[in-house]
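I opened this notebook to keep track of what I looked up, entry by entry.

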Amino acid sequence: MEGQNVEELLAKAERDEAEKLQRITVHKELELEFDLGNLLALDRNPPTGLRHAGPTQEAELRALARDNTQLLINQLWQLPTERVEEALVARLPEPTTRLPREKPVPRPRPLTRWQQFARLKGIRPKKKTNLVWDEVSGQWRRRWGYQRARDDTKEWLIEVPGSADPMEDQFAKRIQAKKERVAKNELNRLRNLARAHKIQLPSATGMHPTGHQSKEELGRAMQVARVSTASVGRFQERLPKEKAPRGSGKKRKFQPLFGDFAAEKKSQLEMLRVMNSKKPQMDVTRATNKQMREEDQEEAAKRRKMSQKGKRKGGRQGPGGKRKGGPPSQGGKRKGGLGGKMNSAPPGLGGRRKGGQHHGGKRRK
Amino acid sequence: MLIKGGNANLTVTQVLRDVYALKKPYGVLYKKKNITRPFEDQTSLEFFSKKSDCSLFMFGSHNKKRPNNLVIGRMYDFHVLDMIELGIEKFVSLKDIKNSKCPEGTKPMLIFAGDDFDVTEDYRRLKSLLIDFFRGPTVSNIRLAGLDYVLHFTALNGKIYFRSYKLLLKKSGCRTPRIELEEMGPSLDLVLRRTHLASDDLYKLSMKMPKALKPKKKKNISHDTFGTTYGRIHMQKQDLSKLQTRKMKGLKKRPAERITEDQEKSKRVKKN
């Protein structure tokens, strides 16, 4: 009797277990492929149940989705978990699906000056121990960093060397030397970076003010100072009698006298083609820009004349009234048109857009 | 990057808005219409992607020949890599299904069902594109209770059914919960139209992994086709005569036998 009871209990327990597992197990012909790093599951089974497109399709799709999601969740729950701030968190593996990159692989960086030198001389980094014995404190301390072994800054006594001035502050001298070393290191690091990104650092040869600098050096320094504002010198006024510097624009580049014959031939043929063509080759961008610039200059000259006249004769209302209506809208339009186009957009696209809007030069509606 | 074409109708606009809602905060929806044709001229798309620093885009348009058109694509180095045109046959928006939605920014689970997704190259690229588009940012840990919604793609009879469901975790007897689904988000029935896939070498270039990310190969371990793992151990040369084997007590030499053996050996030596 008791034996039967025990057997019954065992059978019942087994049935319960099976039932519980049944609630989360799903039967599939082909196993799904999982990529848990992306929370992805791929089901290769052909969806036969859905062949007949009918009103029950939604429910069947949902059932299929439920089964697949159940399998994915089962897999996710198998992952190693940890408790982070009272929430159960699973550690995901790396995603295995290979997807194309967004940007190309970064180029290898050029070697720094020290690395080049070390390579040349065959210098290899010496393996150093982490801890160094410190006599002063009588313990093993780290080589550099917090509570290091031989800390220069913590010395309370510095002997004045024989050759030095007795009134000099040796502590200040040490601090100054350290600052200079740090600054030099930073400069070298920035130079290495500039070399890696191929940026030209502006040379600062004439910029440190000594008492005796030549006229050209001073002029150059002034020019650099003028351009070092946020608007790159666009709104810097000049002194009343200051002349505009000549030769500060871009240098013209000329082709070498002989060299690339193919390129020369190509450019000559292109020139001939342009000269022979019946239709004028007009670059719409340049044409509109030129037109706009001329108009702006005219208006600026007119405005200046108006303002001068107005100041002298005590403000006439006629031109003033007109003046109010005109410039603000133009200014607004100009900012939107010119500013957006000149600095940011590539010339080809900007040209096309401008051509569409302005129909070759006419701006005012 | 979600862009509207010159003649986008209500359906297409609504689809773009719903996808934007799913992909917040990582998407940008352009409000104005842009008159471009992605399959003819890709320069304006590339310009937009360069400006907004987005490499995945979706372009919606509508005309008589291609009603309810959606072009989904991705870029490599700000040049178009893959573009696939899909037609929307049926669309149920987020607004039409009235229940609670999940918070934005959650990483969705993606499930692709149907063997069609592996048969043709078009479908395979579409699968990879959809994974790229809809997976969230790559994370190393995920809160198990925070797994909120799942996007399910089924390929059947030349159509692709896109459904999104909200996850409800129910108690089952054991640790793993039982799943119940509730339809939540946009549901689309899509048809594959034109494709513009990248050439093989461009695709290979885009898949190139830098050396640091390549999985490191372990030495002296090999796998065979049946799944068995073999390992190699390198040992020095052994003196086999001194090998420790099992001791058979019956074969042990008795002292009398040992003496006779020694005598025989010495005799042989003398003879030689």
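Predicted model: local features only at pLDDT ≥ 70, side-chain atom pairs only at ≥ 80, totals over all residues.

**Helix 2 of chain B and what follows**

Residues are numbered from 1 along each chain as its sequence is written, chains are lettered from A and ligands numbered from 1 in the order in which they are written, and side-chain values use heavy atoms, with hydrogens and water left out.

I then looked at helix 2 itself, residues 43-52 of chain B, where helices (H or I, at least four residues) and strands (E, at least two) are DSSP runs numbered from the N terminus. Ser44(B), Leu45(B), Glu46(B), Phe47(B) and Ser49(B) are buried there, buried being under 20% relative accessible area with a 1.4 Å probe and protein chains only.

**Ser164(B)**

Next I looked up Ser164(B), which lies in strand 9 (residues 159-170) of chain B. Is Ser164(B) buried or exposed? I found it buried, with a relative accessible area of 0%. Its side chain reaches the backbone oxygen of Pro186(B) at 3.0 Å, and the residues that Ser164(B) touches (heavy atoms within 4.5 Å), leaving aside those up to four places away in sequence, include Val150(B), Leu151(B) and Met184(B).

**Chain A against chain B**

I turned to the two chains together and found 56 residues of chain A in contact with 64 residues of chain B. The area buried between them is about 5,500 Å², of which carbon and sulfur atoms give 61%; this is the accessible area (1.4 Å probe) that the two parts lose on being put together, summed over both.

How many salt bridges are there between chain A and chain B? I noted four, a salt bridge being a side-chain nitrogen of Lys or Arg within 4 Å of a carboxyl oxygen of Asp or Glu. Lys90(B) forms a salt bridge with Glu58(A), the closest N and O atoms being 3.8 Å apart.

I also saw that strand 2 of chain A runs parallel to strand 6 (residues 109-113) of chain B, joined by four bridges; strands pair if DSSP finds at least two bridges between them. Within strand 6 of chain B, Ala113(B) is the bridge partner of Asp43(A).

**Chain A by itself**

Last, I recorded that chain A has nine helices and six strands, and that 19% of its 365 residues count as buried.

How values were computed: Buried < 20%, exposed > 50% of the residue type's maximum accessible area, 1.4 Å probe, protein only. Polar contact = N/O pair within 3.5 Å; in protein donor to acceptor, adjacent residues only side chain to side chain.
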